[in-house]
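Visitor: Could you take me through one part of this model up close, and then show me how the rest connects to it? I'd like to start with the spot where a helix ends, and go on from there.

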Amino acid sequence: MITEQRIVTERVGIVDPEKIETCIDHHGYEALRKVLGGMAPADVIDVIEKSGLRGRGGAGFPTGTKWKFVAKTPGDRKYVICNADESEPGTFKDRIVLEGDPHTIIEAMLIAGYAVGASEGYIYVRGEYALSKARLVKAIQQAEEKGFLGKHILKSDFNFEIHVHSGAGAYICGEETALIESIEGKRGEPRTRPPYPTTNGLWNMPTLVNNVETMANIAAILRNGAEWYRAIGTASSAGTKVFTIFGQVNSRGFFEVPMGITLREAIDTFGKGLKLGSTFKLAQTGGSSGSLVPPNLLDTPMDFDSFKSGVVMGSGALLICDENTCVVDLAKVLLNFFRTESCGKCNPCRIGNQRAYAILEKISQGIGSLNDLKDLEMIGRNLYEMSNCGLGQTAGSPIRDILAQFRPEVEAHISSKACPAGICAMSGQPVLV
Amino acid sequence: MTLGTLTNIQAREVAKEITLRHGASRDELIPILTDVNRQLGYLPVDALDEISTLLKVPKSQIFSAASFYSMLSIQPHGRHVIQFCESAPCHVQGGREVWAALQTELKLKAGETSPDNRWTLKTTSCLGLCADGPVLLVDDDLFNNVTPDQIAGILAKYP
């Protein structure tokens, strides 16, 4: 039996997020005291590096390495940005932390600022998260009153201030360079990388960008030590992961467990099993840019490396689908998301997603051809190889997965002009998209 | 302020007041646009022009940002804006049926405004409320675990 282990969400539901005192009573700002009380910036980075913490935004880049890059880049000004633009469909792990324990983010940004040599930070919250923003603003104000933010923090020479910046509705702003463009008051179009934000970030200054969940691990690691953290999870992926589970399960919500849980364990233990009468058909893991997982991969342990076996952990979203799900319909919904959210800067993504969506629409109306599947495969490859950023590079994964794992069902829409799950319209008429 | 009475001058006054409150600098552009949009319901050309003058940023760049973000609009909306989550989690949890019911009830498609100006129907990407899906927003009010037979009752609350 798998049980929860809470690090990121340790204080969620236990403290009052609008009262800093309750947070201080539960280890709040202890790590900051420890750091400012005698640790050198290099020592802090060393602990984070040895802990094995990897970025929780989805890509899994080693956090300590990123901190080191920013620390060693000279700059008159440096910035720490917390990426709270959580927009991956099915993902609300960051909202849980922002609403339930905003002080863990503030404390982590302070520690990061001290470690990399920054005195200013931004939290970029997605525009739709109004409660998250309100709680952050209040938490910052209370932290200032207690002397954790501002000048000479805890009577040291360290100064740090934090601004909260709201997005205005754009999935792409979760990409770190698009996020930076948005803070600068522009369209959220990703920059060409390299150079990376670690050297040329906000206002062209060295900038550290970390996801909310990554940040929420920092204070606990510094309190308990790198070895403690490294011992949790799997060989490639230290620590815990916050997952969200929903779809055709009996219990929907979030849970935090050591890395390495399987889908079957997640469904049985935290989803409380499939709904009565449902049989498992597939799980969509890691959000829209993740993977469609067939039943034979239910026992694959999920971590940052499990994508190699076909199970993307990504943001930790687990959408459980039963036999009443059509893979063409599902891929259509996912490609509709990407064509809507593509920023339009690069052609492979702007045109490729629209084309792929149009072909899937055609197939769902029963007027597709087998040649369309070749076109879909080509578009998927082009998206992966030629897009400028992660959005386009991963947008083809639903196409890849339905053709690799569920090809007979897709072909039935074409050769038999029938939707086996009984979902697609199959009108026989083209639809303008 | 209702749309019928909004004049060019009022749009400029609102834009000016909000811009000066935030401070007329380029990095305040998105917060400025958000607040103007919230107060006026959309971003009229005159408001964008005023912001351009105060920020000393070309109009093309202001328009470029204003037309990029989904929470900003350069078109006027109906009295009530419905935003329906069309992402995969809501879709497979019954959202497909709710969306069909919503379009039938309103006789509108995505992006359209009703002739009597009562409704604008929009789709939105995931709002992060997937454990309670399907979800939809009417103005700032959230409705979760929505079923097709609840649609008429929800709409009746907004004259």
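Guide: Start at B:Lys56, which sits just after α3(B) and takes a positive phi of about 55°. Keep in mind as we go that this is a predicted model, so the numbers are all computed from it.

Now step back into the helix itself. Helix α3 of chain B covers residues 45–55, and its buried residues are B:Ala47, B:Leu48, B:Glu50, B:Ile51 and B:Leu55. Look down the axis of α3(B) and these buried residues fall within an arc of 160°, so they line one face of the helix.

Chain B is split into domain 1 (3–66) and domain 2 (80–156), and the C-alpha centres of the two domains are 29 Å apart.

Let's hop along chain B to helix α5 (residues 88–106), where you'll find B:Gly94. Leaving aside residues up to four places away in sequence, B:Gly94 touches B:Pro134 and B:Thr147. There's also B:Val135, 41 residues from B:Gly94 along the chain, with 9.9 Å between the two C-alpha atoms.

Now cross over to chain A and its sheet. Here 5 strands form an open sheet in the order β6-β5-β9-β7-β8, with mixed pairing. The edges belong to β6 (253–258) and β8 (291–293) of chain A, each with a single partner strand, so one side of each is left without a neighbour in the sheet. From one strand to the next, the twist averages 25°.

Strand β9(A) is worth a look from both sides. Strand β7 (residues 280–285) of chain A runs antiparallel to β9(A), and 5 bridges join the two. Along that pairing, A:Gln284 has A:Leu319 as its bridge partner, while A:Leu282 stands opposite A:Cys321.

Last stop, the contact between the chains, which takes 38 residues from chain A and 30 residues from chain B. On the chain A side, the elements that give two or more residues are α8 (176–183), β5 (240–247), β9 (317–322) and α12 (327–341). α12(A) supplies the largest share of that side, 7 residues. By type, the residues of the chain A side divide into 13 nonpolar, 17 polar and 8 charged.

Note on methods. Residues numbered from 1 in each chain as written. Chains lettered and ligands numbered in written order. Predicted model: local features only at pLDDT ≥ 70, side-chain atom pairs only at ≥ 80, totals over all residues. Contact = placed C-beta atoms within 7 Å. Helix = DSSP H or I, 4+ residues; strand = E, 2+ residues; numbered from the N terminus. Nonpolar A, V, L, I, M, F, W, Y, C, P; charged D, E, K, R; others polar. Buried ≥ 20, exposed ≤ 12 C-beta atoms within 10 Å, placed from the backbone. Arc of directions from axis to C-beta. Pairing = 2+ DSSP bridges. Axes fitted to C-alpha atoms, helices over the stretch in contact; angles between N-to-C directions. Domains from an automatic or database assignment.
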